[in-house]
Amino acid sequence: MSKINIAIIGLGDMGTGHLRGFDVLENARIHAVCDSNPLAAEKAIKQLKNNKPVYYSTYHDVMQDESVEAVVIAVPGYLHEEVFMECIRANKHVLLEKPVAINYESFKRMKHAADNSDRVIQIGLVYRYSRFYRTIAQKLRGERELGDVMLAWCKEYRQCFPQEDWFYDKNKSGGAIVEKNCHHFDIFNWVIGSKPKKVFAMGGQHVYKDKAGCLIDCNYSLSEPKVINDISIVDHAIVAIEYENGAKANLNLCMYLRPMNVSGDGLEIGFIGSNGKQLIARRDEEFGIFGGERCDGTIYIQSPADDGGQFGHIGCQTQRLEFLECIENSKKPYAGINETYDALITAFAAEKSIEEGRIIDLSEFC
Ligand SMILES: NC(=O)c1ccc[n+]([C@@H]2O[C@H](COP(=O)([O-])OP(=O)(O)OC[C@H]3O[C@@H](n4cnc5c(N)ncnc54)[C@H](O)[C@@H]3O)[C@@H](O)[C@H]2O)c1
């Protein structure tokens, strides 16, 4: 079987997941890896079972390597644009981690470059690749189980981001909502099937706010707990969205739950349709449809381990397989840059609404 030569740039939490995932795919060869921190690279490379990549300490060298056909970009958000633009100039296929960009100006430049490239450009919106959310989309968009989806909610109550400084600096991550919730806005948009029109958000800092420094100890982080200074992102938010078709959605975010999630249902996503029925999804692994003839509900369960979860987030292994398939067959990816547009704009608008204390009409972003 012929193999596609890939390079992975950024070997932290997400890049290491990509490394482990691509390592077991028969049609991929991890030809190169790159991280500016040699220790991060060394730690990640130790996890490989099937590949022996060359190591580069700067991503410029990855671009010069003509054997590299495709690049996985898993560096912090503020570096996405520079690495992505260089990949496009070097004519590489790209799997770019979400969020595409940390602000709208950067996003526009990247989208323009993507629109003018014939390479496969896939975005790491993993939920779009999970069996679990694809089943929900099929039930709601395909089979119209709820009629028209008119109300949606997402409650994400969780612990803090990992103890890496860039997450906590709005100029580097884009803010908590841009960094985290572009995923959830994308699920809303996908399932509602209309365009978001207006966004109002409130948010602030209840716990992670101390200018003198806060001890951050996220339990899945690869790094030791540490004190982070000058936190400029919110640690909680409530975001309301209105759609062109009149549908409404809201997101409730808390990022200071301790320990991670005692009740075990930190993530809940739900929808109510015009026929009065509802679908409620919990923990990315179980959803029920309630109402109508079947008041007691029908429960669907999808084990995260069988949905890509053994290599990171649900959907992530399917996303890698489909990336390779798109390259092999010159296909458009399921989550390209245009599919992420509305979710990212919604996130930018929510951050702006919190800063300016007003409703943001999404026509401001054009
Ligand atoms: N799809 C998802 O569900 C998901 C989940 C988590 C993170 N992410 C995304 O993945 C990306 C990385 O996040 P993470 O949690 O892995 O961050 P991280 O801080 O754990 O890792 C980032 C890595 O990039 C390296 N790096 C920094 N500057 C570099 C440079 N100039 N050249 C090469 N390497 C450099 C760092 O040394 C570090 O090892 C972000 O865009 C984040 O939003 C996506």
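## A tour from the domain boundary to the core

Start where the two domains meet: 22 residues of domain 1 are in contact with 22 residues of domain 2. Keep in mind that you are looking at a predicted model. To colour the two parts, select 4–125 + 324–329 for domain 1 and 127–314 + 336–364 for domain 2. Their C-alpha centres lie 25 Å apart.

Now stay on the side of domain 1 that touches domain 2. Helix H1 (13–23), H5 and strand S6 (121–123) are the elements that give two or more residues to it. H5 gives the most, with 5 residues.

Next, select H5 (residues 104–115) together with helix H4 (residues 80–89); their axes come within 10 Å and cross at roughly 15°. Angles under 35 degrees count as roughly parallel, so H4 is roughly parallel to H5. The crossing of this pair is left-handed. Show side chains for the contact: H4 brings Glu81, Phe84, Met85 and Ile88, while H5 brings Ser106, Arg109, Met110 and Ala113.

For the next stop, turn to the largest nonpolar core, which has 109 residues. Ile9 and Val71 are the residues with the most contacts inside this core.

Finally, centre the view on Val71. Which residues is Val71 in contact with, leaving aside its neighbours within four places in sequence? Look for Ile6, Ala7, Ile9, Val62, Cys87, Lys92 and Val94.

How values were computed
Residues are numbered from 1 along each chain as its sequence is written. This is a predicted model: local features need pLDDT of at least 70, side-chain atom pairs count only at pLDDT 80 or more; totals for chains, interfaces and linings use all residues. A nonpolar core is a set of buried Ala, Val, Leu, Ile, Met, Phe, Trp, Tyr and Cys residues joined through C-beta atoms within 7 Å. A residue is buried if 20 or more other C-beta atoms lie within 10 Å of its own, exposed if 12 or fewer, and partly exposed in between; C-beta atoms are placed from the backbone. Two residues are in contact if their C-beta atoms, placed from the backbone, lie within 7 Å. Axes are lines fitted to C-alpha atoms, for helices over the stretch in contact, and angles run from 0 to 180 degrees between N-to-C directions. Helices (H or I, at least four residues) and strands (E, at least two) are DSSP runs, numbered from the N terminus. Angles under 35 degrees count as roughly parallel, over 145 as roughly antiparallel, 65 to 115 as roughly perpendicular and the rest as oblique. A crossing is left-handed if the near helix is turned anticlockwise from the far one by less than a right angle, and right-handed if clockwise. Domain bounds come from an automatic or database domain assignment.
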